[in-house]
Amino acid sequence: EDMRRRVMGGGKIDYDKYPNGVYILHVNGKLYTRAEWNAAWNDSAVGVALKTDNCRFVIAPEGLDEDNLPWSKYGAYEEVPGVTTTTEEIIAIDDYKGEANTAAIVSHYGAGTDYAVGWCANYTFKNGAKGYLGACGEWLESFNNKAEIDACMNLITGGIAIKAPYYYSSTQYDFYSAWGLTWSRKDVYANSKSIGFYVRPFAPLE
């Protein structure tokens, strides 16, 4: 049996049965590798999904890759409660709680598309899922699969390969800074929350 096609009772797909890897998520809920993907389905792509030992999520086919936003509302300098916060890179890159971080940040600042986390939280995927700003660990896992993620993005309608230099994560460094990742190279570092950087929404794969 092809376990990647197994649909559990009630129509819910068991993503635990899929091997780790990069897939394109169809609106029908199924995951397809790049080799399995049919060009006729391009308009039905939700985004590019990544499954690893540490996390699983869907990356939006588009984001603010030509424009940028501050991390916090009005670029405010303050430590937001309920968010993974660390000055240690080794801890930051082990943070996979992007969805929880985003919820805490939006709870603190309120809705709005004028800051990075809020913009992602307002993004709606084709399957109805709401976006979040990926945590530092989720971004690093994405970078580790960069070539295949970008190749899948280039296949789907509206898909834009991740290309901007520096993307914010939802992992907090301290009151002044937040962690992010340079997509052109494996470079994780913190920057001022008031500086405008690029964002790409993620969504849960569940």
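**Salt bridges, sheet and a surface patch**

Lys73 and Asp114 join their side chains in a salt bridge, 3.0 Å from N to O. Lys73 sits in the loop between strand 5 and helix 1, and Asp114 in the loop between helix 2 (98-109) and helix 3 (116-121), so this pair ties together parts 41 residues apart in sequence. Buried or exposed, what is Lys73? Its relative accessible area is 12%, under the 20% cut-off, so Lys73 is buried. Asp114, at 33%, is partly exposed.

Keep in mind that this is a predicted model.

The structure has 5 salt bridges. Another of them pairs Glu148 with Arg34, at 2.9 Å from N to O. Glu148 is in helix 5 (residues 146-153), while Arg34 is in the loop between strand 2 and strand 3 (45-51). That pair links distant parts of the chain, 114 residues apart. Glu148 is partly exposed at 26% relative accessibility, and Arg34 is partly exposed at 39%. Arg185 and Asp187 also form a salt bridge, with their closest N and O atoms 3.2 Å apart.

Strand 6 pairs with strand 11 (residues 201-204) over 2 bridges. Tyr132 has Phe202 in strand 11 as its bridge partner.

Last, the surface. Tyr77, Phe175 and Tyr176 make a nonpolar patch there, with about 310 Å² of accessible area together. Tyr77 is in the loop between strand 5 (64-69) and helix 1 (89-92). Tyr77 is partly exposed, at 39% relative accessible area.

Technical notes:
Residues numbered from 1 in each chain as written. Predicted model: local features only at pLDDT ≥ 70, side-chain atom pairs only at ≥ 80, totals over all residues. Heavy atoms only, no water. Pairing = 2+ DSSP bridges. Helix = DSSP H or I, 4+ residues; strand = E, 2+ residues; numbered from the N terminus. Patch = residues over 30% accessible without salt bridge, like charges linked within 9 Å, V, L, I, M, F, W, Y side chains within 5 Å. Areas by Shrake-Rupley, 256 points an atom, 1.4 Å probe, with all protein chains shown as cover. Salt bridge = Lys/Arg side-chain N within 4 Å of Asp/Glu carboxyl O. Buried < 20%, exposed > 50% of the residue type's maximum accessible area, 1.4 Å probe, protein only.
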